[in-house]
Amino acid sequence: MGALKGLVTLVLLCVFTQARAQTDFIASVFAETSRSTTLRWNRYPGASSYLITVFQQGLEDPIAFTQFGENIVMGTVNSLYPNNQYDFIVQPLDINQNSLATTNVQSLTAPVVMDPIQKVKPKDSQALIIEFNLVNGATHYIVRVQGPDGFFREDTVYSSPAEISSLKAYTEYTLRIMAGYSGGRNQPSPTVTGKTVLAPLQLHTSSPSNNSIDVSWDPIDSAVQYTVALYDVFSNTTMKQNTTSNSLTFSGLEAGSLFMIMGFGWDAEERKGEGSLYINQTTRPPMPSSVDVSVTMNNDQAELSVSWELNQEVYSNIEYYVTSDESLTCNTTSSPCTLSPVGCGEVYTIQVIAFNDAGPSYPSYPVEFITFPCPPKSLAIVESAESNCTLSWDIEPYTDSYMAYIKKGDGSEETCATTSNNCTYHCQCGYMFQLYVFAYNPAGSSPQGPVVNYTTLPCCPENVSVSLVSTETLEITWTASRGADLYETRAADISEVILCNDTAPVCALSDLSCDTAYSVVVTPCNDMSGCNRACKAHTKDTAPCMPMHIQLDPKNSSCVSVSWTANNRAANYSVNAVGEDGTYTCTSGGSSCDITDLPCGCNYEVIVTATSAAGQSLQSYSERLETEPCCPANTTVHQVTQAMTNVSWSHAKGAYSFMTSLTSSRGHASCHTQDLHCLMGCITCGTNYTVTMEAYSHSGRSTNCTYQGFSSSACCPSGLRVYKMAGNSLRLQWRITSSSHRYIAELMGSNNYYNCTTSAGESNCAIADVQCGDVYHVTVAPLTAEDSKVSFCGQRIYSVTCLGDDVGTVIYRGKRSLDESIQISAKPDGSA
């Protein structure tokens with residue numbers, strides 16, 4: 001065991017006890033070489049040392065072991081054999097050397113020395129390609145590169161062949177290789193040498209013309225010759241040139257074509273240097289041809305559109321530059337190109353140059369171009385006879401012809417083409433014309449010049465109608481005339497002129513003189529051209545003057561004569577009496593007429609109107625006419641008492657008050673009232689009366705009315721006496737004034753009623769079976785021819801006493817008034 005321990009070199013890594021205790025024990029390979037393996041593990045709780053036992057693969061017995069202290073977590077096992085597989089058993093031991101855990105780690109040691117690099121060849125001026133034999137178990141390879149100037153570095157590669165880059169051009173290097181493993185590397189192989197080639201050329205190209213390309217580069221040390229190749233992309237051909245100089249020229253090339261150019265150098269050993277990168281170079285574009293110039297408009301701004309023929313075989317983007325002698329330029333990548341702004345009547349010399357990456361082409365052949373002419377100026381209009389107008393203008397340079405445009409207000413348009421500087425057109429009345437002129441040359445039309453607005457005189461109105469709308473007002477209407485903004489209407493007679501200005505085709509001329517002939521003219525006007533004073537006049541008469549000073553002269557109750565004054569040339573007069581029951585009329589060609597058949601009791605407004613062919617006058621001021629009142633249609637006379645009568649009558653049209661009279665040979669009674677009845681006294685009974693009446697109007701006009709006569713009632717009897725007779729009978733006796741009347745006697749008690757009637761001329765009668773012990777109202781009254789009782793005769797009161805069952809004494813108690821007699825005259829059953 002002492003010999004085995006001698007094979008192990010202890011590498012101690014002291015780790016302080018602050019690490020956290022762990023329960024899992026893990027070990028792994030930290031590094032490997034061809035003769036050693038370094039292991040590492042974690043600290044294990046309770047371990048006082050760590051034991052590593054080494055087994056060579058294929059052998060049952062351990063070949064070595066080593067032990068480390070409790071603070072050691074990494075150790076190296078040396079004196080191993082190269083390119084061998086080993087098993088390592090790692091165990092933490094307690095203070096009694098008992099195993100606390102076990103883990104197993106395997107490792108393969110590296111070979112002692114790797115085979116040398118088999119082949120070295122240059123890839124380019126900065127890289128070498130190496131080929132070598134691979135080693136079993138190696139995870140990578142380390143190539144050691146050393147230059148002549150002390151340069152040293154190691155590159156890691158993983159397979160063969162491998163590239164060693166970032167070297168210097170045309171430099172010799174020594175190279176050695178080592179195999180790498182997860183734990184280390186083996187010893188470097190024997191050296192080999194390799195040399196990089198010449199650096200690539202740094203080409204500079206340009207195209208001095210559209211068929212040549214210049215190529216130049218910086219000289220390269222150790223280069224004895226150079227080769228430059230030019231590849232035509234379009235024709236798929238290649239041209240090569242060799243030179244010992246550092247520049248050359250390719251000529252006879254296609255204009256505007258793309259070429260790919262590369263080059264390389266040769267060293268004295270005739271080794272080809274690294275090729276340069278391909279450089280794209282185009283020849284300059286061909287000269288633009290078929291240049292054409294035209295005028296275009298852009299937002300009312302004139303421009304020159306310059307176009308040319310494009311060569312479709314030209315490579316890459318071509319930019320074209322257009323120039324003019326007026327310092328206008330433009331550039332574009334395609335045809336056309338626009339020169340802006342340009343004006344009218346200008347001359348330009350224009351050329352086009354094509355540009356690409358190589359430079360400009362030859363300029364195109366110059367093209368001279370004259371722009372469109374300027375618009376004609378100083379437009380003037382002269383209106384001649386027969387509605388013709390002439391438009392003229394100034395002549396413009398560079399102009400071949402003119403076109404005048406005449407636009408009417410109705411939307412129609414007329415044109416006039418000419419090579420002179422004037423045009424004649426038809427200009428009707430009432431139109432507004434817009435006139436402008438364009439000038440033309442091969443470049444096109446001029447801009448629109450000044451616009452002249454010219455308005456002809458408005459047309460005379462048609463369908464003029466003059467009508468009388470009132471006695472002193474004329475209404476004039478017409479069809480609106482073309483071109484008129486305002487109408488001046490004038491009415492003139494010998495002494496005055498009345499004007500009316502309005503925009504509407506109607507006008508009322510008022511405050512004219514009546515019965516007058518006026519000349520009426522409607523004159524259309526507008527602000528542009530003024531008024532048309534050539535329109536014809538229309539004659540119209542106003543209405544007759546109003547009749548004045550109306551006089552009424554009543555001729556009888558139904559006729560009135562009306563007269564007036566008037567000063568009209570020729571008029572008829574109409575008189576109207578207008579009342580509630582209608583209108584009554586008379587007419588006259590003079591100054592008076594009679595209205596007849598007027599009814600009674602009416603009020604009228606009398607007016608006079610004059611009428612002529614021109615129309616009707618104002619009505620005259622009215623005069624009030626009142627006819628006599630009507631008589632009442634019905635009159636009734638009712639006798640209230642023996643000496644008082646009530647006269648009543650129906651309504652009388654137009655009557656305001658009444659004077660009623662009763663006349664007889666025995667006397668006269670009358671009353672004046674506004675009522676429809678009248679109470680008159682001093683009437684004599686049994687007398688015939690004449691009934692007359694006078695009806696008065698508000699103005700005092702009266703009508704005499706006579707009615708059928710009235711006879712007053714027979715006189716009431718006097719000296720009434722009541723006598724007791726045999727049994728229960730009473731006898732009534734009185735004095736009479738007329739032997740032609742019959743009488744009725746009535747007794748009215750509290751519960752009994754008795755009467756008796758006499759023959760004509762008798763003055764007494766008897767009543768039998770009278771109830772005694774009652775008070776009786778006794779009345780004796782004459783009977784009318786119709787056997788009705790006169791109601792106004794007075795009553796007397798008697799008490800009839802009883803003597804046993806028979807009538808006793810009859811006692812007179814006095815008289816009753818008329819009212820009382822009327823009340824007590826009722827029958828016991830309440831009937832009249």
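Q: How are the residues numbered, and what pLDDT do local features need?
A: Numbering starts from 1 along each chain as its sequence is written. In this predicted model, local features need pLDDT of at least 70 and side-chain atom pairs count only at pLDDT 80 or more, while totals for chains, interfaces and linings use all residues; side-chain values use heavy atoms, without hydrogens and water.

Q: What does the secondary structure come to?
A: The chain has two helices and 68 strands, taken as DSSP runs (helices H or I, at least four residues; strands E, at least two) numbered from the N terminus.

Q: How many disulfides are there?
A: The structure holds 17 disulfides, a disulfide being a pair of cysteine sulfur atoms within 2.5 Å.

Q: What is the S to S distance for Cys344 and Cys374?
A: The distance is 2.0 Å. The torsion about their S-S bond is about 90°, so this disulfide is right-handed. Cys344 lies in the loop between strands E26 and E27 and Cys374 in the loop between strands E29 and E30, so the pair ties together parts 30 residues apart in sequence.

Q: Buried or exposed: what about Cys374?
A: Cys374 counts as buried at 16% relative accessibility, whereas Cys344 is partly exposed at 23%. Buried means under 20% relative accessible area, exposed over 50%, and partly exposed in between, with a 1.4 Å probe and protein chains only.
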